[in-house]
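Student: I have a structure to go through. Can we take it piece by piece?
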Protein chains: 2
Amino acid sequence: MKLKELSDLLGLSQTTVSRALNGYPEVSEETRRKVKLAAETHSYQPSSHAKRLATGRTHTIGHVVPLSSHEMINPHFSDFIAGAGEAYARLGYDMLISVVTEADQERVYRNLASGRKVDGLIVHGPKAIDPRLALLKSLDIPFVVHGRSDDAPDSYSWLDVSNRRSFVRATQFLADLGHSRIALLNGLEDMNFARRRRAGFLDGLASRGIAPDPSIMFSDEMIEPNGYRRMQQLLAMPVRPDAILTASVLLAMGAARAIQDAGLKPGRDISIVTHDDQFSFLRDHNAVPMFTATRSSIRDAGRRCAEMIIELANNPDRAPIQELWEAELVLGSSTGPSLRLAKPAKAL
Amino acid sequence: MKLKELSDLLGLSQTTVSRALNGYPEVSEETRRKVKLAAETHSYQPSSHAKRLATGRTHTIGHVVPLSSHEMINPHFSDFIAGAGEAYARLGYDMLISVVTEADQERVYRNLASGRKVDGLIVHGPKAIDPRLALLKSLDIPFVVHGRSDDAPDSYSWLDVSNRRSFVRATQFLADLGHSRIALLNGLEDMNFARRRRAGFLDGLASRGIAPDPSIMFSDEMIEPNGYRRMQQLLAMPVRPDAILTASVLLAMGAARAIQDAGLKPGRDISIVTHDDQFSFLRDHNAVPMFTATRSSIRDAGRRCAEMIIELANNPDRAPIQELWEAELVLGSSTGPSLRLAKPAKAL
DNA sequence: CAATCAAGCCAAAGCGCTTTGAATTTGGAT
DNA sequence: ATCCAAATTCAAAGCGCTTTGGCTTGATTG
């Protein structure tokens, strides 16, 4: 069923039918009602391509998802998508995803932009300084960055959590429990968020008068086995750390596994604080959280980024939108006072 | 830069330029060369919408991703996408993702099909008997099911792993280690794959003369906390199981955590075998695997499903493609002989 | 009562590409 | 030189929608 057929059926012009369906005012309510009814009963569905060609709008948002060096998709991504997808569904948008290797990125961005396949883009995983942003600005297509980059952050739209501040707080929290030898398992530090977390960690140490020790600061891809391996290394050191701050629950889980394998107990022998993106597949709504964590829902971030890009796509001349979210510091069972401080009390 | 401009520039007709670029034979090699060069230098990019409108082909594959009851996206999904996305990139296709609640599914499928937004669909998470398949058949759009459903599996294309057979093998493996009280942590049993696994589990028990005990068979969403909670329940039983078979590494990790929390050790006190979809965020290429597992890469499945749907989209009259993959049984450190059999030997 | 106006509708021109059917050129074969 | 088929090229007709500009009404106004 195409527009022409429907309009013939109704004895109206295509113009009128089109206007009736798209809510234009130059149509009598009477006619509009009839048209809508007919469209419904014959389940008329306008061809999206014809519509796109005629209007130039695609009602589609693109996500370019980089494969990491290990050829993996960041697992944070599926939750981000869940949130974004929900917003798209609600607002009548489609989501186009391109999985892309580092090398292909520029080509894909250009392609999406010049082919006008999407009304806007979400940029994932910004680097410390990210050349993609300049490219996108030059391509003249609306985009929203999940995270941000250090160069000219005022000049584009982004949504980020306050990585630095939350790692300051987490570090201070550990220090205030009496821990002084605090290890860091960070994400890859070419990523903007990881740099900020490292800076926060260092600030936190400094604020408590603790000298940083590079030999217990690591930067890896945030997957479970890396947490395990690094924790094993740490445990094998002559003076092992009494606390550890990790950038992902996956790293924390790996670390916890190593701690338990060594016959120790997280929260008693070694404290763990992690950043928690609230992976839905790890989340337990009932229990006391496994880990003390700086928490910020990546799913909510996805939802909000989607809303932002749609707002921008509809108002191209709008000023950039920037949102900085604060992470909560949530207490779990993975932290406790330093054994060094109060050995006798630990008898139970 | 549009086709008209390019053809004017070259002093050729749009027809010829279009044909030259699309590899039609009615163009001299000389001309083709010139045209391609000009297209390159002026970075001509045909409008995808115009192309789609003219050809009816979208070069886009749709994935309808259901949110589970807990409003979560199955984490298996991000790896599946990684694989599929790789194939799409290679073959010049786009991936359109709709995140959808149970209630919206039919509407979304109809919408995608009748709007001709996609050339084909991938169906995720088929139920035991899945009404979506009948719908899709009636909608006359190519689709590939990841997994399969029990009704008329010959009549459509699917890619599945041999869930039943792998769970038979896993169960027999545990039984042959001397375990006789084997628990099952299955996925939700309205899903087709979970039913098959349960059937395999029961067959495996029967083949070793073990009577099934429904009180140690569970069916939950496959997330870590569920593994933890169920294992705790099992450990609290008067006669606790000596082995456990889980349907996902996430469940296995939860179970392992509960076992360790109880001061026991997986592989020594309780054996764990799990199905392993090879989540990239848990995978460790170097180490001895954490879990003994029936293993099948969900990422490879994504890649292959993408290839299949493209093949089908290009040959609409082609017979359905069906592939049944066999899972490997891979030994890890989570299994060992039953303590009941050979207590003395366990001294080390 | 003619002039004016808004409301409601329509025909036709585009959006940028592919493809059909016809026209032109080329290159032997006669 | 002449003719015919093959090789190239082209003009124009879609693809299915939106949107511009104009045309009819019937009501309102001076």
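This is a predicted model: local features need pLDDT of at least 70, side-chain atom pairs count only at pLDDT 80 or more; totals for chains, interfaces and linings use all residues.

Student: DNA first. Which residues come nearest to DNA strand D?

Tutor: There are 26 residues around DNA strand D, and the nearest are L3(A), S18(A), A50(A), A54(A) and T15(B). The elements that give two or more residues to that surface are α1 (3–10), α2 (14–21) and α4 (48–55) of chain A, along with α2 (14–21) and α4 (48–55) of chain B.

Student: Which element gives the most to the surface near DNA strand D?

Tutor: That is α4(A), with 5 residues.

Student: And by class, what does the surface near DNA strand D have?

Tutor: It has 12 polar, 9 nonpolar and 5 charged residues.

Student: Now the protein-protein side. How many residues does the contact take from chain B and from chain A?

Tutor: The contact takes 42 residues from chain A and 42 residues from chain B. On the side of chain B that touches chain A, the elements giving two or more residues are α4, α5 (76–91), β2 (94–100), α10 (224–235) and α11 (249–261) of chain B. Of these, α5(B) provides the largest share, 8 residues. By class, this side of chain B has 21 nonpolar, 12 polar and 9 charged residues.

Student: You listed β2. What does β2 of chain A join to?

Tutor: Strand β2 (residues 94–100) of chain A is joined to β2(B) by 3 bridges, and the two run antiparallel. Within that pairing, M95(A) stands opposite I97(B).

Student: Switch to the sheets. What is the strand order in the open sheet of chain A?

Tutor: The order is β7-β6-β8-β9-β10-β12, 6 strands in an open sheet with mixed pairing. Its edge strands are β7 (217–219) and β12 (328–330) of chain A, and each pairs on one side only. Neighbouring strands are turned by 15° against each other on average, direction ignored.

Student: And inside the sheet, how do β8 and β9 of chain A run?

Tutor: They run parallel, with 4 bridges joining β8 (residues 243–246) to β9 (residues 271–276). In that pair, A243(A) stands opposite S271(A).

Student: What about chain B, which order does its open sheet have?

Tutor: The open sheet of chain B has 6 strands in the order β7-β6-β8-β9-β10-β12, and the pairing is mixed. At the edges are β7 (217–219) and β12 (328–330) of chain B; each has a single partner strand, so one side of each is left without a neighbour in the sheet. The twist averages 15° from one strand to the next. As for β7(B), it pairs with β6 (residues 182–186) of chain B in the parallel sense over 3 bridges. N186(B) has S219(B) as its bridge partner there.

Student: On to the packing. Which residues of the largest nonpolar core touch the most other members?

Tutor: They are I244(A), L245(A), A255(A), I244(B), L245(B) and A255(B), in a core of 84 residues. A second, separate core has 82 residues, among them I141(A), F77(B), A82(B) and I309(B).

Student: Back to L245(A). Which residues is it in contact with, leaving aside its neighbours within four places in sequence?

Tutor: L245(A) is in contact with F167(A), A170(A), T171(A), L174(A), I182(A), L184(A), F201(A) and V273(A).

Student: Why does R116(A) count as partly exposed?

Tutor: Because R116(A) has 19 other C-beta atoms within 10 Å, and a residue is buried only if 20 or more lie within that distance and exposed if 12 or fewer do. H59(A) is partly exposed too, with 17 other C-beta atoms within 10 Å.

Conventions
Residues are numbered from 1 along each chain as its sequence is written. Chains are lettered from A and ligands numbered from 1 in the order in which they are written. A nonpolar core is a set of buried Ala, Val, Leu, Ile, Met, Phe, Trp, Tyr and Cys residues joined through C-beta atoms within 7 Å. Two residues are in contact if their C-beta atoms, placed from the backbone, lie within 7 Å. A residue is near a molecule or strand if its C-beta atom, placed from the backbone, lies within 6 Å of it. Ala, Val, Leu, Ile, Met, Phe, Trp, Tyr, Cys and Pro count as nonpolar, Asp, Glu, Lys and Arg as charged, and the others, Gly among them, as polar. Two strands pair if DSSP finds at least two bridges between them. Axes are lines fitted to C-alpha atoms, for helices over the stretch in contact, and angles run from 0 to 180 degrees between N-to-C directions.
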